[in-house]
There are 2 protein chains.
Amino acid sequence: MTDISTLGEFGLIDHLTRDFPLHHKETLLGVGDDCAVLDYHTQGDSDKRRIVTTTDMLMEGIHFDLTYTPLKHLGYKAAMVNLSDVYAMNATPRQLLVSIAFGRRTKVEHLDELYAGILIACRQHHVDLVGGDTTSSLTGMAISITCIGDADADKLTTRAGAHDTDLICVSGNLGAAYFGLQLLEREKKVWAAQQGADETHSQPDFAGKEYLIERILKPEARRDIVSALQAAGIVPTAMIDISDGLSSELMHLCKHSHTGCRIYEERIPIDYQTAATAEEFGMNVYTAALNGGEDYELLFTVPLTLHDRVVTIPDVHLIGHMTAPEQGLHLITPDGNEFALKAQGWNHLATEQPDSPTA
Amino acid sequence: MTDISTLGEFGLIDHLTRDFPLHHKETLLGVGDDCAVLDYHTQGDSDKRRIVTTTDMLMEGIHFDLTYTPLKHLGYKAAMVNLSDVYAMNATPRQLLVSIAFGRRTKVEHLDELYAGILIACRQHHVDLVGGDTTSSLTGMAISITCIGDADADKLTTRAGAHDTDLICVSGNLGAAYFGLQLLEREKKVWAAQQGADETHSQPDFAGKEYLIERILKPEARRDIVSALQAAGIVPTAMIDISDGLSSELMHLCKHSHTGCRIYEERIPIDYQTAATAEEFGMNVYTAALNGGEDYELLFTVPLTLHDRVVTIPDVHLIGHMTAPEQGLHLITPDGNEFALKAQGWNHLATEQPDSPTA
């Protein structure tokens, strides 16, 4: 018998789906990108829209901890994770299907909270809830969400179109969700210890770190970036959302696009709260940015010729450029040292610490 | 706090989704049928195909028991359950997304078996696996499958189109899966008792009951019925697949179509093995047909004028007819007694016996 950890999550998916043939000419892109791409139009149809679809499963104890995750936030986040995958195709989310499994002690009011969060996400992103399933669970909660969206065929952006010399861009900032999670986990341990000691419970104090808590509990899918790119007349050559850490996502882009890359450490956008908290934890903030998960920012590439246009988009940062594949994937530190990028990412399939990024 | 059992599964879905607006004109049908219906065509498009989509979540210990369910069968069945929902729209399944969560002791070979079953289902029904998710679970296995299909707009069949006097038809036979499950559960108890007594383990003997075991472990989505209807030039007025028992599904058809119904007990198709096993268990076989789950047969209505055409279709049985709504829903026994239909169905949300039909 073979341990799943020997394959890793992406290796496992490749392994399991390797024998599946694609029967339909309408299936333009199957497993292996942020979304599948489907063509439900007939030849001669002047409308060149494509359908994209993606699905994610969130398990209690693996992806979320109900001791510090309000159900409303959980519903919102579960939707955002899927919307983010659709935006990563340069597409627009349209419909959502939501399946929930829950334990015996769950009450209607708990599910109301969860769906209230999903509703807010649907409203903000103009997405229709069109189906789903509810069932009981013998153990923890499980949430499975599928999102369907569409894009003009000539704007659709996969992981596979980047070229040598393309600029590598990232939205927002990285590593914040990682430290948000560390803070919540630390407070959980403090609280558990107080329980044992029968002391008066102190409320956790996240003053000055609110942004980090918000990034882990209430991430935002970057619809604004997709809109800004469109307004600027830019179609990225490749794009992916950052759910497993910059390093892992860069490896996906380079693998699918057959390129190498060079990124510059001092160019990686880091929020002040992230930097301060990294110092408090005695950690290298760039390790968190490269390998921490759940930032849900967009990572994309544009041709060098679009440099002047892309730098005008607010909250988009140039962090490096693509290279020929034989040059490999490298991080350049401020002192000029080069390190090969390792894609550890969030390994939800690891046997030891399923919820911790391997920093 | 409100117990979920006070709402029931369908009441819960209605409750949770009541505030969700539909934003897009392309969302033709949302929550509440076997599938959602989407229109991804522009006005003036001569192609009148519609997209349908459905999702199901299967939880270990609720929907399946790995002590007697081979993983290959489980994968096959998980796919079939979704394909069945697409056929119930008179549509053709095209793409599948599969998410799996699994415990620490799961090995690659286990998942290979599961996916081998999914692959057989995909091949038989010409469906493309286009996406999914894999993750670990702290507890049991969870499987979430989403299926996308299409149908000509003028052939699409919801639950809502039946009229007074329409004939009620059912494919195959009912109650077999229920007794298949009872047999497996009985053997599981025998085996557990032998474990305790340290006796030599006897192999379960299902001789003469193979069909019942097959119906619960390896159900078949009725693509053949949808094809036969099309070949006969019949578009049902309403259709649903029988996953929760005939009684529950009839109530859905009548509620959505604003009709009543009269069905005749002796017309309900029962296999010989089902009847023999019902007698062995000392149970009324029609109770199992009405309230047992997982038959995955199709229940549909056709106009009275199509009587002569529908009776020529192999394996389709007329069991009654629709009535005006004020006449209610009734089962007529051979001696002429009338009973109001109760839709217990499989209540996966019940607090006592989540996996047992309430007979």
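**Entry 1: where the chains meet**
I started with the contact in this predicted model, and found that 74 residues from chain B and 74 residues from chain A take part in the contact. Next I looked up which elements of chain B supply at least two residues each to the side that touches chain A. My list has two helices, H1 (8-17) and H3 (108-124). It also has the strands E2 (36-38), E3 (49-59), E4 (92-102), E5 (128-136) and E6 (142-152). Which of these gives the most? I noted E5(B), with nine residues. Sorting that side of chain B by class, I got 30 nonpolar, 29 polar and 15 charged residues.

**Entry 2: how the copies are related**
I then superposed chain B on chain A, which takes a rotation of 180° with 0.0 Å of shift along its axis, at an RMSD of 0.0 Å. The two copies are thus related as by a two-fold rotation axis. Do they meet through the same surface or different ones? I saw that 100% of the interface residues of chain B are also interface residues in chain A, so the copies meet through the same surface.

**Entry 3: inside chain A**
Now for a look within one chain. I found chain A divided into domain 1 (4-152) and domain 2 (167-181 + 209-340).

Methods
Residues numbered from 1 in each chain as written. Chains lettered and ligands numbered in written order. Predicted model: local features only at pLDDT ≥ 70, side-chain atom pairs only at ≥ 80, totals over all residues. Contact = placed C-beta atoms within 7 Å. Helix = DSSP H or I, 4+ residues; strand = E, 2+ residues; numbered from the N terminus. Nonpolar A, V, L, I, M, F, W, Y, C, P; charged D, E, K, R; others polar. Least-squares fit on C-alpha atoms with pLDDT ≥ 70 in both. Domains from an automatic or database assignment.
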